[in-house]
Amino acid sequence: MLNRPADPVEDVKSAEIQRLIADMIETMEDAGGAGLAAPQVHVPLRIVIFHAPSARNDGAAVPLTVLINPVVQPLDERMQVGYEGCLSLPGLTGAVPRYVNVRYSGLDRDGAVVDRVAEGFHARVVQHECDHLDGVLYPSRMDGLDTFGFVEEVRRAMVEQKE
Ligand code: NI
């Protein structure tokens, strides 16, 4: 389920989809994650959810956002490397280059259009979650696997490098 493209949602307002979104929100909150994609709960549909506290996003909180059938476009070529983790790869982390500035659009849980620009952490979360819809996990976006490993090991290696 994690490695094939997910299908578009046809009827956003169906009870089934509304229930799925509620389940996803609960799962993300239980896990303490910044985002979740439907394929991660074994439903191959194009739905992602995410949020970001202001402390992680340069002071600008991103409210809980439900994005259905999303489209993400980079606004320029600028990329930035940052550490990511994923509920599908528990305990692991790695440094991943992502576009700094993106525009994304899709539908919210009521079927209304969402159309936003995002930068930094916000843009990173959106790219990470939308990758799940195409079966892409962050290690395959990394420039190499030197920074990929268990959080404790990577942290230790970073400290040793500085010494
Ligand atoms: Ni993930």
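This report describes the sheets, helices, salt bridges and pockets of a predicted model.

## Basis of the model

In this predicted model, local features need pLDDT of at least 70 and side-chain atom pairs count only at pLDDT 80 or more, while totals for chains, interfaces and linings use all residues. Residues are numbered from 1 along each chain as its sequence is written, and side-chain values use heavy atoms, with hydrogens and water left out.

## The five-strand sheet

An open sheet has five strands in the order β1-β2-β3-β6-β7, and the pairing is antiparallel. Strands here are DSSP runs of E with at least two residues, helices are runs of H or I with at least four, and both are numbered from the N terminus. Two strands count as paired if DSSP finds at least two bridges between them. β1 (35–37) and β7 each have a single partner strand and stand at the edges, so one side of each has no neighbour in the sheet. From one strand to the next the twist averages 40°.

β3 and β6 run antiparallel and are joined by five bridges; V72 has Y104 in β6 as its bridge partner. Between β6 and β7, also antiparallel, there are seven bridges. Facing β7, N101 stands opposite E119 and V102 stands opposite A118. The hairpin of β6 and β7 has five residues between the strands, and G111 in this hairpin takes a positive phi near 90°.

Helix α1 (residues 15–31) lies across β1, β2 (47–52) and β3, at about 35° to β2. Angles run from 0 to 180 degrees between N-to-C directions, with axes fitted to C-alpha atoms, for helices over the stretch in contact; contact means heavy atoms within 4.5 Å.

## The three-strand sheet

A further open sheet is made of three strands in the order β4-β5-β8, with antiparallel pairing. β4 and β8 (149–150) stand at the edges with a single partner strand each, so one side of each is left without a neighbour in the sheet. Two bridges join β5 to β8, and T93 has G149 in β8 as its bridge partner. Helix α2 lies across β4 and β5 and runs at about 105° to β5.

## Salt bridges

The whole structure holds seven salt bridges, each defined as a side-chain nitrogen of Lys or Arg within 4 Å of a carboxyl oxygen of Asp or Glu. One of them joins R103 and D115 at 2.7 Å, N to O. R103 is in strand β6 (residues 101–107) and D115 in strand β7 (residues 113–119), 12 residues apart.

## Pockets

A pocket is an open set of points on a 1 Å grid over the protein atoms alone, where a 1.4 Å probe fits, with protein on both sides within 12 Å along at least five of seven lines; lining residues have an atom within 4 Å of a point. Volume is the space filled by probe spheres set on the points, which are joined across faces, edges and corners. The largest pocket has a volume of about 490 Å³. Its lining has 25 residues, with A34, R56, E84, G85 and C86 nearest the centre. β4 (79–84) and α2 (120–132) each give two or more residues to this lining, and α2 supplies the largest share, six residues.

The second largest pocket holds about 270 Å³ and is lined by 16 residues, of which V72, R98, Q127, D131 and R141 lie nearest its centre. β3 (62–74), β5 (92–99) and α2 each supply at least two lining residues; β3 gives the most, four.
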